[in-house]
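Please have the viewer ready.

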Amino acid sequence: MSATTTSPRRASRVRNGISAAAPPARPTGAGAGISGRTFTIVTWIVLTLFALMWLAPSLFALKTSLSENGTAALGAGEILSNWYPTLHSYATLFQAGDIWNWYIASAITGIITTVLTVLFSAMAAFALSRLRFRGRSTVMLMILLGIMIPSQVLIVPIFEMLGAANLLNTYWAVIFPQVPAVISVFIFKQFFDGIPRELEEAARIDGAGLWKIFWSIIMPLSRPVISAVAILTFVGVWNNLLLPLFVLTNPNLMTIPVGLATVQGSFGQRYADIQAGAILAALPLVLLYLVFQRRIVEGVAGTGLKG
């Protein structure tokens, strides 16, 4: 056979206009395996270091809360070398402060604020994402500027407005100022912008109005972001100390951060009791994250804020 004879496969590729050049060879063999194993090892080392950096303070706080106040006052060395845990600090905390009322107050304000924030933020975001009206760009600009304003600078005007409305020393004084969350509106709008408009147009053809589209189409598709915003809002309300500290004076209405702050003030340098109070305050949030961590990740990733 002649050396210039073209094989049937090569001739077919030439007729179809496809280059006969062989694709570039991919790295194979021991080099690729070593590179992959090295990356995996480095990744595990980095993740382990970050996990230890996060867990070490938490475990030390737990160990401190299980120590005597006298032992905790001697420093980290005595805390770590003491292997006789005790629940004395937790018992003292339950006896010294009405922690169950604080839990109830935090739950009431957190749940109501979360529901109202999700509802109103979603409605505002739907209007900014789907409706066309005069001043829409200005409203969006004001929302973005509102994200840059620290909430602490508004505490005095909020206090005066609540006093004028006779809402001081009530749950509503804690709930109402936290409902207008501009960051929640922004997150919802980012998510709504990614929902295909064809669904909305099909619903309009079937005779659905704006309210029907919002409740029956947009909100069911927004469950991941609703979960993320709800959990993040609840955590923010639960941990808020400044606002309840200003607007609440009745011990029966105090939320957990305010109540623990008053107890810690009476404890002085009793570090074990203080750490026990901090752990009791954070425990519900830790459980909340463990149960809903998947929805938090899905919701934040779906808003376009993942980077």
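This is a predicted model: local features need pLDDT of at least 70, side-chain atom pairs count only at pLDDT 80 or more; totals for chains, interfaces and linings use all residues.

Residues are numbered from 1 along each chain as its sequence is written, and side-chain values use heavy atoms, without hydrogens and water.

In the largest nonpolar core, which has 24 residues, the members touching the most others are Phe 188, Phe 192 and Ile 213. Such a core joins buried Ala, Val, Leu, Ile, Met, Phe, Trp, Tyr and Cys residues through side-chain atoms within 4.5 Å; buried means under 20% relative accessible area, exposed over 50%, and partly exposed in between (1.4 Å probe, protein chains only). Helices H6 (99-130), H7 (136-148), H10 (182-193), H12 (210-221) and H13 (223-239) each supply at least two residues of this core, and H10 gives the most, with 6 residues. Helices here are DSSP runs (H or I, at least four residues), numbered from the N terminus. A second, separate core of 18 residues includes Ile 231, Val 235, Ile 256 and Leu 260.

Helix H11 (residues 197-205) meets H12 through Leu 199, Glu 200, Ala 203 and Arg 204, with Leu 210, Ile 213, Ile 217 and Leu 221 on the H12 side (contact means heavy atoms within 4.5 Å).

Now to the loop between H8 (155-164) and H9 (171-175), where Asn 166 lies; Asn 169 is found in the loop between H8 and H9 too.

| Residue | Positive phi | Relative accessible area |
|---|---|---|
| Asn 166 | about 55° | 67%, exposed |
| Asn 169 | near 65° | 27%, partly exposed |
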